[in-house]
Amino acid sequence: NKHEAEKVLHKIQYQTDAGLYREPEPIEFGEFVDTRWLHYIEGRVKHRVYRRYKEVVHGYLKPAFGGYILRKITTEMVREFVESIKDKRLTKGAVQQQIAPRTVNQALRILKQILADAERWECINRNPALPIAPLKVEQQEKKPLEPDEIRRFLQNVNGGWKTLFQVLIFTGLRIGEVLALQKDDIDLDEN
């Protein structure tokens with residue numbers, strides 16, 4: 001928008017007057033991601049997260065922006081990208097399904113992060129993805145099990161798993177909380 005453009009212009013004018021401004025180098029988005037960004041984040045995030053970033057980069061972002069010079073990517077291009085993948089359908093086996101809003105938002109978040117790093121490293125003057133809002137994700141209401149369903153479930157659970165599920169169901173603790181419990185955390189005399 002006009003306000004953002006004026007901010008960038010003032011920043012460039014200040015840097016030019018101070019002799020600090022240099023034109024960002026022309027590098028393609030795909031090259032930047034492959035040669036700089038993915039290498040940069042590889043040791044900074046968990047391996048599982050890194051793998052997911054690569055999937056999103058290669059599955060969504062590089063096909064959309066890979067051949068574009070970084071500084072030529074506009075807010076309008078990012079908006080069109082979000083709109084286009086929002087309506088896309090994926091084929092998994094014999095089933096076609098629409099890309100979930102969470103996946104679209106994840107791709108947008110990763111794109112914003114890539115472009116923020118490009119701005120920080122002075123490859124671009126401003127992040128064109130910042131003004132783009134994530135899609136609304138509808139929360140699905142979770143329906144708790146009925147007492148009869150709990151009884152049938154526990155009757156069909158084998159061995160030590162039954163105790164774990166009983167603790168989860170009857171205490172309301174989350175799985176991480178139950179798994180982190182230590183012997184000293186339980187006071188059978190008081191409870």
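I start with a definition for the charges: Lys and Arg count as positive and Asp and Glu as negative, while His and the chain ends are not counted. The place of a charge is taken as NZ of Lys, CZ of Arg, CG of Asp or CD of Glu. With that settled, I looked up the mean positions of the 32 positive and 28 negative charges of the protein and found them 4 Å apart.

I note that this is a predicted model, in which local features need pLDDT of at least 70 and side-chain atom pairs count only at pLDDT 80 or more, whereas totals for chains, interfaces and linings use all residues. Residues are numbered from 1 along each chain as its sequence is written, and side-chain values use heavy atoms, with hydrogens and water left out.

**Overall form**

I looked up the secondary structure and found 8 helices and 2 strands, where helices (H or I, at least four residues) and strands (E, at least two) are DSSP runs numbered from the N terminus. Along the sequence, the order is α-α-α-α-β-β-α-α-α-α.

Along the principal axes, the C-alpha atoms fill a box of roughly 75 × 45 × 30 Å.

For contacts (heavy atoms within 4.5 Å), I noted that residues 24 or more positions apart account for 61% of those with a separation of 6 or more.

How many of the 191 residues count as buried? The share is 27%, where buried means under 20% relative accessible area, exposed over 50%, and partly exposed in between (1.4 Å probe, protein chains only).

In helix α3 (residues 47-65) I found a bend of about 40° at Val57, the bend being the angle between axes fitted to the seven residues ending there and the seven starting there. Val57 is also one of the buried residues of α3, which include Tyr50, Tyr53 and Tyr60.

**Two single residues**

Asn105 lies in helix α5. Why does Asn105 count as buried? Asn105 counts as buried because its relative accessibility is 8%. Not counting residues up to four places away in sequence, Asn105 touches Pro134, Leu135 and Val137.

Glu122 lies in the loop between α5 (101-120) and α6 (147-155). Its phi is near 60°, a positive value in a residue other than glycine, and Glu122 is partly exposed, with a relative accessible area of 45%.
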